[in-house]
Amino acid sequence: MRDRIEKVWQKTRFFVNSQPFHEGLKITIAVLIPVLVFTFFGQLHHGVTLGIGSIIASTPDLVGPYRERRQSLFINVIVIFAMSMLTRILPFSDFFLGLFMAFFSFAACMLTVFGIRAMGIGASCLLALFFSLTLTHESSHPITEALLLTAGAIWYMIFVLVLRHMRPYRVSQQVLAECAYKIGSLLRIKADFFDANTAIAKTHKQVIQINMVLNQRQENVREVLFSAATEKQFASYQYKQLTFIFATLMELFERINASHHDYYQIREKYGHTKVYQVIPELLISCAQELERLTTPISLLKSPKNAIQFTGLWDNAYAEIIALEKQEGGTTIVLKKILVNIRYVMQKIREVHRILSKSEEVHDHSELIAQKERFFRQRTFSWPILQAHLNLKSPIFRHSLRVAIVMLIAFVITKALPIFFPDYIALTKHSFWIYITIIVILRPGFSLSKQRSIDRLKGSFLGGLLGLLSIFLITNSYVLLGLMLVYMLLTFTFLRSKYVYGSFFLTAFFLIAYYFFTGVDDFGILLLKERLLDTLIGCVLCFLSFHLIFPTWESDSVKSYLKNVIHSNVHFLSICFRKLSGDHIDIADYKVARKEIYLSLAELNALNERILNEPIYQRPFTKELNDFSIFTHQLISYAMAFTHMIDHRSTLNFHDEHERLMNKILLKLKKTYALFETELLEILPLKSSVSRSYVLNQSDELLIKEQLQLMLGLVEKLYHNSLDISLLAKRSL
């Protein structure tokens, strides 16, 4: 019971110090301040308009490089001003207004070409358009409304930049803590390999899924940590702490993934022994200690508790020795596992010591000097956009689809009050349909489908929560406090867990309008309208995906597979050249390792999306899943191979090893040719003829064994890729 309470408390502290919660708190405060100030002067409507401007301005304000955030906020202010002014001053007829909406919907969606932040600016443009059309107050001049909306965006920009200046490392600390927490989750999943009640194949899939999330977290850390610092910040002790912790976590992550074994054979041979039960306890203990460090990392403060797994490893090792004496055989594989766990424990202790300031911070200036290589640079140019202005581009097809659906939605909002006078006659908030469309409709079918389900569930259940809150809570101050809590949770979850964001948004919206109107049954009418508009928007999105320029995720599987294979070849070439005697820069190795994990994470994300597509669009689901498993195992073996090279100074290779390495690379080149007509260039390995000494027999067998394991996996990858290629052709 005590452990459960401690776990709940630890998760609560992690959530309160997490980046999504702080982002939600930041947006909530930025929205509330102008509302409260203008309410004090009796201008509630002006305050609400400023608050809406702040909400719109927050759309592209995502985690990432500080320079990009600052630029996007400034551009967003200009976009909001231009759109709100155009909407209010141009004398539109219904016909031209519909075309205006369709054109800017297309233009805003095409910004997706430049990345998710640019897509957020496009969404801000459309939100400014919708709110300008539907929320104009009768007593206010249209120009005043446009200026107030823009002032809200300017206020949000200033508020965010001031916060960033006051706490320059806060976001870095939070995303680094999230990364550490997910590595702890990876350790917990690894422990399931030693649980006799858990299927090993299921655990393999979970490892791949958590690696997909982890790589996104790591990319966030790289972007925030390596791109935001000035020369002065580079020299600060806080920045050195953060870079040291990140480098240590990456070494920890690499070792965890490099420690891959034949878990079926281990379970069959040692599943009945006590040591088999001790290993998962050790892994879970490491996970707990790492998770306990997430709060000190997010605050960059010394941990209050000391490391608590002292003695566990010695007990496990004693069990292995006892097992050897009892059964008389060798337990080398169990000893290897314990060696890896000891390394994990050592790295966790290093993070603990650096947070406690009891250890000198290692110099990572060689990585900082090449920091631009560790995150993807975004460029904005006309040729990039021009390359997507054709029907072969999924983004172009998506943009056309959104424009057509918006035009249809506009016609529906104009026609429904004519044929059904009760519709919208009471509340007149037609923007719900438009917002539903821009929130739900995505370039891929899978995400659009999931968003539709999340929005419907969130709107219905959130509406019930809002109505219950209105009718059961009679104290206005308590209801107001509850509304603020819903508001905070809305902005906390809206980006990370949309179903919860939609749930709290509906409840918050109903209570807010109840305060504005004071009519008891207004909430029911508003809920009916929101549910109906949401349903109309969802139906339009669903039909559009099947009827208007359909784009399926399975169509792009070849390009993702090609990227993974290319990254495999590049990473293995570096590993093999390292053994052959070539000098390999540490930054080259780490960049190649990053690229292979990112490409695999993107493939796994694609596979998850394909699973939600119609069954006739996914003929190779099993083969794609096997490809991910084989690739993950190949990366693990390659990392273990590199680790072995680094820790044996006299290790080298001879002709047989060179033949195996070339065979691996050539087989991968042949696999690449299944998806790409252009030949893949492979740098030749340094010849072994110039070597002046010969390996001892144990080293020779060790290298040969590792290379043969990798060759076996590459053979599986080739046949698996051949199956995918044939199935993809058959489905056309």
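## The second largest pocket

On a 1 Å grid over the protein atoms alone, a pocket is an open set of points where a 1.4 Å probe fits, with protein on both sides within 12 Å along at least five of seven lines, and its lining residues have an atom within 4 Å of a point. This is a predicted model, in which local features need pLDDT of at least 70 and side-chain atom pairs count only at pLDDT 80 or more, while totals for chains, interfaces and linings use all residues. Residues are numbered from 1 along each chain as its sequence is written.

The second largest pocket has a volume of about 1,000 Å³, a volume being the space filled by probe spheres set on the points, which are joined across faces, edges and corners. Among the 29 residues that line this pocket, His260, His261, Lys336, Leu702 and Gln706 are the closest to its centre. Helix 16 gives the most to the lining, with 6 residues; helices here are DSSP runs (H or I, at least four residues) numbered from the N terminus.

## Helix 5

The 17 residues of helix 5 (residues 94-110) should span 24 Å at 1.5 Å a residue, and the end C-alpha atoms are 25 Å apart, which agrees; the expected span is 1.5 Å times one less than the number of residues.

## Thr28

Thr28 lies in helix 2 (residues 19-40) and counts as buried because its relative accessibility is 5%.

Conventions:
Side-chain values use heavy atoms; hydrogens and water are left out. Helices (H or I, at least four residues) and strands (E, at least two) are DSSP runs, numbered from the N terminus. Buried means under 20% relative accessible area, exposed over 50%, partly exposed in between (1.4 Å probe, protein chains only).
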